[in-house]
Amino acid sequence: MCYSFNHELTNLFFMLVLVFGSMNASSIGINYGQIANNLPTPEDVVPLVRSIGATKVKLYDADPRVLKAFANTGVEIMVGLGNEFMSKMRDTKQAQIWINSNLQPYLPHTNITCIFVGNEVLTFNDTDLTSSLLPAMQSVHSALQNLGLDKQVTVTTTHSLAVLQTSYPPSAGAFRPDLTPCLTPILSFQAKTGSPFLINAYPYFAYKANPKQVSLDYVLFQPNQGIVDPSTNLHYDNMLFAQIDAVYSALGSLGYGKLPVHISETGWPSKGDNDEAGATVDNARRYNGNLLKLVAQGNKKGTPMRPNSDLNIYVFALFNENMKPGPTSERNYGLFKPDGSPAYALGLPSSTSGAIGNSSGGGGATINTGTPPLPTSSSSGYLNISSATSPEKSLSLGPYLSLLVPLLMELVMLKF
């Protein structure tokens, strides 16, 4: 009975923090991949997500165990349909079957808010994948409409930063001309349905490619002179914000400058091969720690070009995944080791200090084991990211504490 009380109390407190945290709409998400054979159970993952202040989780599938574990936590969940499903999802009947089996049973207990259909499809140079992308997105959206879920769950896709032809200066950002015919109808669909433009952006790759020319402090959010965009006179003190604004400029050049840009992946590896410059524990700690602190700040929420736009950033990744192919860095992007202990200290007040323990969350959802498993070899793009080119919210509850405590106690009394 005592365990059950603590279980519910933790969930109530976290959901209240999410409510008050929405006053600062910028948010941190975390990518939760599972290409490993030694990861903790999804139930044990919930407190790890909370410990870093993440209020959103991005999955690369619709794992029923994960969806059930995050039920009644308030955490926003983005699920993925990998590239291997593109052809099948063109069929509206197949899309409806997938939504009915893999999403509907978990709503509303699990806060699923977005589906990304395909990962970095347009830069795979696969004509079949490219031609299937928009029809698949449309079919999934139609399936959600049929269930009255299209306002709750948006449909989008993720892109590599390699969709840009030009990224510097940020005001000159432009998409590759050969991709424009494919991108334009996708952007039109997203503008009509209200879904965000997702971009995977890794300043690490820019530094790795040219460590003698790219300032390490500039890419790590450390104090530095920064750069000034000669066209706008805007000052940038970190590369990620410059990349985000380059995407906004590219969208604007096609007439879609009002689409919100979310960073669906960004991170830094803590270990790499000899030819992987910058892949160290210290650099990973600085990049991810500084990024988490920056987004958590209530007094700065946008980029130089879009100072009033919320920052929505998903860090890659939750765990070091020991079965990912490719160079050593691929298996060392995690904030946590498989036992739940930090891969390095992030310097956050709420950071976990030990291995996993009892978790909270879960319950209330219907388990459905029909989710297609990730194939051992996938075209999803998630298996290998190194080929890319180029907190419970960490808030100060201060003013809200006098409201939070009595409200929390009232909810507890009503619950028990």
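Over the face of which ring does Lys 58 lie? Lys 58 lies over the face of Phe 116, and the distance to the ring centre is 4.8 Å. The legends below describe close-up views of a predicted model.

**View 1. Lys 58 with Phe 116 and Glu 265.** Besides its place over the ring of Phe 116, Lys 58 takes part in a salt bridge with Glu 265, with an N to O distance of 3.8 Å. Lys 58 has a relative accessible area of 0% and is buried. Glu 265 has a relative accessibility of 1% and also counts as buried, because the cut-off for buried is under 20%.

**View 2. The salt bridge of Glu 76 and Lys 56.** The closest N and O atoms of Glu 76 and Lys 56 are 4.0 Å apart in this salt bridge. Glu 76 is in strand S3 (residues 76-81) and Lys 56 in strand S2 (residues 56-59), so that the pair links parts of the chain 20 residues apart. The two residues are classed separately by accessibility. Glu 76, at 29% relative accessible area, is partly exposed, whereas Lys 56, at 9%, counts as buried.

**View 3. The salt bridge of Glu 330 and Lys 324.** Here the side chains of Lys 324 and Glu 330 meet with an N to O distance of 3.4 Å. Both partners are buried: the relative accessible area is 2% for Glu 330 and 3% for Lys 324. A search of the whole structure gives seven salt bridges, among them the Glu 330 and Lys 324 pair.

**View 4. Strand S12 and its neighbours.** Strand S12 covers residues 312-315. Asn 312 and Tyr 314 point to one side of the strand, Ile 313 and Val 315 to the other, and all of these residues are buried. What is the sense of the pairing between S1 and S12? Strand S1 (residues 27-32) pairs with S12 in the parallel sense, over four bridges. Within this pairing, Gly 29 has Tyr 314 as its bridge partner. Strand S11 (residues 261-266) also runs parallel to S12, and two bridges join them. In that pairing, Ile 263 has Ile 313 as its bridge partner.

**View 5. Aromatic rings around Phe 205.** The structure holds 13 aromatic pairs. In one of them, Tyr 202 and Phe 205 are tilted, with 5.2 Å between ring centres and 55° between the planes. Another pair joins Phe 205 to Tyr 204: the ring centres are 5.5 Å apart and the planes lie at 50°, so this pair is tilted. Tyr 202 is buried. Tyr 204 counts as buried at 0% relative accessibility, and Phe 205 is buried with a relative accessible area of 8%. These rings belong to a cluster linked by ring pairs, whose members are Tyr 202, Tyr 204, Phe 205, Tyr 207, Phe 221, Trp 268, Tyr 287, Phe 316 and Tyr 333.

**View 6. Arg 306 over Tyr 248.** The charged end of Arg 306 sits over the ring of Tyr 248. Its distance from the ring centre is 4.2 Å.

**View 7. Helix H6 and its kink.** Helix H6 (residues 127-146) contains 20 residues. From first to last C-alpha the helix reaches 30 Å, close to the 28 Å expected at 1.5 Å a residue. Where in H6 does the kink lie? The kink, of about 35°, lies at Leu 133, shortly before the proline Pro 135. Leu 133 is one of the buried residues of H6. The others include Leu 129, Ser 132, Leu 134, Ala 136, Met 137 and His 141.

**View 8. Leu 346 in a loop.** Leu 346 lies in the loop between S12 and helix H12 (401-415). With a relative accessible area of 8%, Leu 346 is buried.

Definitions and conventions:
Residues numbered from 1 in each chain as written. Predicted model: local features only at pLDDT ≥ 70, side-chain atom pairs only at ≥ 80, totals over all residues. Heavy atoms only, no water. Buried < 20%, exposed > 50% of the residue type's maximum accessible area, 1.4 Å probe, protein only. Pairing = 2+ DSSP bridges. Phe/Tyr/Trp six-rings, centres within 6.5 Å; stacked < 30°, edge-to-face > 60°. Lys NZ or Arg CZ within 6 Å of the ring centre and 35° of its normal. Expected span 1.5 Å × (residues − 1). Bend = angle between axes of the 7 residues up to and from the residue.
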